[in-house]
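Subject: Structure handover

Hello,

Here is the structure for your files. My notes on what was found follow below it.

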Amino acid sequence: MTSGVPVSAPVRVRDRLRRAPDGPVTVVHSGPDAVYLAVGDGCVGVTGRHAVAVPCALHTRLDRLDVTAARIDGGVLHLDDVPLEVRRLADTRVPALPAGATTGDRPDAVTDIPAPITADTVPVLVGRGDGLTPLGDDVLCGWLAVHRAARVPTPEVDAAVRACLHRTTLLSAELLRCALDGEVMPPFAAFVAALGTPAAATAAAALTAVGHTSGAGMLHGARLALPALRSEGVAA
């Protein structure tokens, strides 16, 4: 019997795998640190120890991922016939926005992102940029996640995002769904938790270092969201 690889899993990923029918799944991206698969109508990732544990992925402690095929059997994902055994559930929820939260900075000019973000600007942003997670999507993820942290609903923007998910990559659409549900990667959660404290600048720098533009885009989105939340009395 092939021994399994222990993984941690967000609840959304565990449940998606349990709902999926048995059989092969398509590998949409494969690299040494992360693999992304088409499962049902969404995306499931597998990350190694050197990759950020995104909220739509199983996280392993493997130094390298070399994958040619994948399948699901009884709700368990197998990579090249090696089962990934969920040993721990990962909490991917964004923490509550701290009292007195502030980024300490105005949004960086990472791109000509329209501001403020509204339902009308969402179609301009979704899918805007290159790579597996276009920059416009990263900005939206940060903006949405901060509103979830503040417990402030954004129904019009949410509806516009859902209507535009077909415009972007499979992975980025899944990460937007995560942000809509208030689920984020650890560096963003750490950034939110640090707002208003001396650790905020260090947390912002760590977030910016994620990916080519992903972390910077999410930080930009957060910095677009916070001034409006402060004006509404949600953040100080």
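Aspartate 80 sits in the loop between β7 and β8. Helices (H or I, at least four residues) and strands (E, at least two) are DSSP runs, numbered from the N terminus. This is a predicted model, in which local features need pLDDT of at least 70 and side-chain atom pairs count only at pLDDT 80 or more, while totals for chains, interfaces and linings use all residues. Residues are numbered from 1 along each chain as its sequence is written, and side-chain values use heavy atoms, with hydrogens and water left out.

Phi of aspartate 80 is near 50°, which is positive in a residue other than glycine. Aspartate 81 is also placed in the loop between β7 and β8, and its phi is near 70°, again a positive value in a residue other than glycine. For background, most residues other than glycine have a negative phi.

Aspartate 80 counts as partly exposed because its relative accessibility is 29%. Aspartate 81 counts as partly exposed at 47% relative accessibility. The classes are buried (under 20% relative accessible area), exposed (over 50%) and partly exposed in between, with a 1.4 Å probe and protein chains only.

**Strand pairing**

β7 (residues 76–79) and β8 pair in the antiparallel sense over two bridges; strands pair if DSSP finds at least two bridges between them. Leucine 79 stands opposite valine 82 in β8. The two strands form a hairpin with two residues between them.

Strand β8 (residues 82–90) also runs parallel to β1 (residues 5–10), and six bridges join them. Here alanine 9 stands opposite leucine 89 in β8.

Histidine 78 is found in β7 and, at 9% relative accessibility, counts as buried. The side chain of histidine 78 reaches the backbone oxygen of valine 76 at 3.1 Å. That is a polar contact (a pair of N or O atoms within 3.5 Å; within protein, one must be able to donate a hydrogen and the other to accept it, and residues adjacent in sequence count only if both atoms are side-chain atoms).

**Two helices**

In α1 (residues 11–19), Arg12, Val13, Arg16 and Leu17 are buried. They lie on the same side of α1 because they cover an arc of only 130° around the axis, the arc being that of the directions from the helix axis to the C-beta atoms. Arg18 and Arg19 are exposed, on the face of α1 turned away from its buried side.

Valine 139 lies in α3 and is buried, with a relative accessible area of 0%. From valine 139 to alanine 193 there are 54 residues in sequence and 19 Å in space, C-alpha to C-alpha.

**The largest pocket**

The largest pocket holds about 630 Å³ of space. A pocket is an open set of points on a 1 Å grid over the protein atoms alone, where a 1.4 Å probe fits, with protein on both sides within 12 Å along at least five of seven lines; lining residues have an atom within 4 Å of a point. The volume is the space filled by probe spheres set on the points.

Its lining has 32 residues, and Val54, Thr133, Val210, Gly211 and Ser214 lie nearest the centre. β3 (34–39), α3 (135–149), α5 (170–180) and α8 (214–231) each supply at least two lining residues, with the largest share, four residues, coming from α5.
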